[in-house]
Amino acid sequence: MVRVVGDGQIQVDESLLTGESDLVPKRAGDRLYSGSFCVRGAAAYVAEQVGEKSTAHQLTAAAKTHHHKLTPLQQEINLIIRVILALAVFLWLLVLFSLLVRLTTLQMSVQAAAVIAGLVPVGLYLTITLTYALGALRISRANVLVQQVNAIESLSGVDILCLDKTGTLTANALELHSWYPLSEAKQQTAATLGKFAASVSSPNRTIVALTEAFAGTPQPMRLEIPFSSAYKWSAVAWHDSETFILGAPDVLFKSEDLSPRVVELLQRGRQQGLRVLLFARSGSDPTWDERQETPVLPSELEPLAVIWVGDRLRPQCREVLARFQQAGIQVKIISGDHPETVVALGKQIGLDGGAIAISGTELAAMDDPSFDQMAEKATVFGRITPEQKAKLVTRLRALGHQVAMIGDGVNDVLSLKQANVGIAMESGSAITRNVADIVLLADSFAALPAGLSRGAAHLQRYSRCQQALFGTGL
């Protein structure tokens, strides 16, 4: 870990650590972490923690630790064998005592000891191993790679499913949901949007989504102001053209300056959990403040179009998560992104609009009882660090829940290790796939219900065998 010093300002990509690809501004006093890299700007820094104390080393060390997780089925089988083994040892002692007091002959004692040894079901371990292997083979047809053979059975007992947002629920990309022209003809506005998106020199995820939706060719520019999270808009002007601006509606316009129709359109998009943008034009160019640090919008702007952009969800994730909720499994989204952004995504995938959301900063200020209460009660967790993710999973398990965690990035490694079942996406980082119990090939959510039904089938077979052998379950 290092700390920024001096007057320089930079924007860094921390996606390897947090899973979020949005650039994070850093200035004097802010911390930089190993695994992040600078995208824009220049600054000096002082290294404070290196080697074993660095963030990257701590994550790697945690990933290498071994956690042997026994399923309820394995725990019951271990209990059965231990009870029978204790009984066998007691009977062997009786046989030995009978031999010592000459109540039985040596031949009779050896025969009795052999019969007692046969009471111990040592083949039960082989049977369950073969059953797990057969289940892993069958579920592989649904694009699921099982790396821990007991993971399928663990899935059947899961009552809380924790998911990362970026790269897990979403494909780490945006897509155009819809748009509405305001002043000009639709074809003319679409052509301008296409030329705007194609001309941007440093496209972000929003610009990429517009490029895919609107056809256009790049044109020589006389002015370009790249998008920044500091001022939340970007501008482009070509030779002999007006200035076109794309940005957040509340930054470009005051509510009273917009018509009721535009305000209604903006509100409709927010209610659907979408990212709402306004495309506008001006006859004058943006100016710069006295320190030349941030641009200033032109005084007169004309809105041209309302644009709704949403995260590109993984195929079938809505249907699969709906099936989990119908089965009584709680779904919790744990992300490094802003809580409002995560809540918006939750609306897209069908989560309850009244779901409780909380940030990592609020969790950090809580004592242990309050933390446990909120871990069970809340559905959306935003601005969560990798350590907090792992703590959430650990506390949920300590409260008696069976927890499955799905992730794809380095920031998910700690929580995957702590979960009863760690599930990784095939497109995720190599270290995440290595520590996971299950890997979803082709990033297919549709394979999860198959895993649940397969694990339930194992439990049903075992229960029938248990009742036949012992008359009742342990």
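This is a predicted model: local features need pLDDT of at least 70, side-chain atom pairs count only at pLDDT 80 or more; totals for chains, interfaces and linings use all residues.
Residues are numbered from 1 along each chain as its sequence is written, and side-chain values use heavy atoms, with hydrogens and water left out.

**Exercise 1.** Work out in which order the strands of the open sheet lie, and which strands form its edges.

*Solution.* Start with the terms: strands (E, at least two residues) and helices (H or I, at least four residues) are DSSP runs, numbered from the N terminus. Two strands pair if DSSP finds at least two bridges between them. Next, read off the order of the six strands, 7-14-11-10-9-8, with antiparallel pairing. The edges are strand 7 (170–181) and strand 8 (221–225), as each pairs on one side only. Finally, neighbouring strands of this sheet are turned by 20 degrees against each other on average, direction ignored; axes are lines fitted to C-alpha atoms, for helices over the stretch in contact, and angles run from 0 to 180 degrees between N-to-C directions.

**Exercise 2.** Describe strand 10 (residues 243–247): are its residues buried or exposed, and what stands opposite them?

*Solution.* Buried means under 20% relative accessible area, exposed over 50%, and partly exposed in between (1.4 Å probe, protein chains only). By that rule, five of the five residues in strand 10 are buried. Thr 243, Ile 245 and Gly 247 point one way, while Phe 244 and Leu 246 point the other way.

Now look at the neighbours. Strand 9 (residues 233–238) runs antiparallel to strand 10 and is joined to it by five bridges, with Val 236 opposite Phe 244. These two strands form a hairpin with four residues between them, and Asp 240 in the turn has a positive phi of about 60 degrees. Strand 11 (residues 275–282) is also antiparallel to strand 10, again with five bridges. There, Ala 280 is the bridge partner of Ile 245, and Leu 278 stands opposite Gly 247.

**Exercise 3.** Find which strands helix 11 and helix 13 lie across.

*Solution.* Contact means heavy atoms within 4.5 Å. Helix 11 (residues 260–271) lies across strand 7, strand 11 and strand 14 (302–313), at about 5 degrees to strand 14. Helix 13 lies across strand 7 and strand 14, running at about 75 degrees to strand 14.
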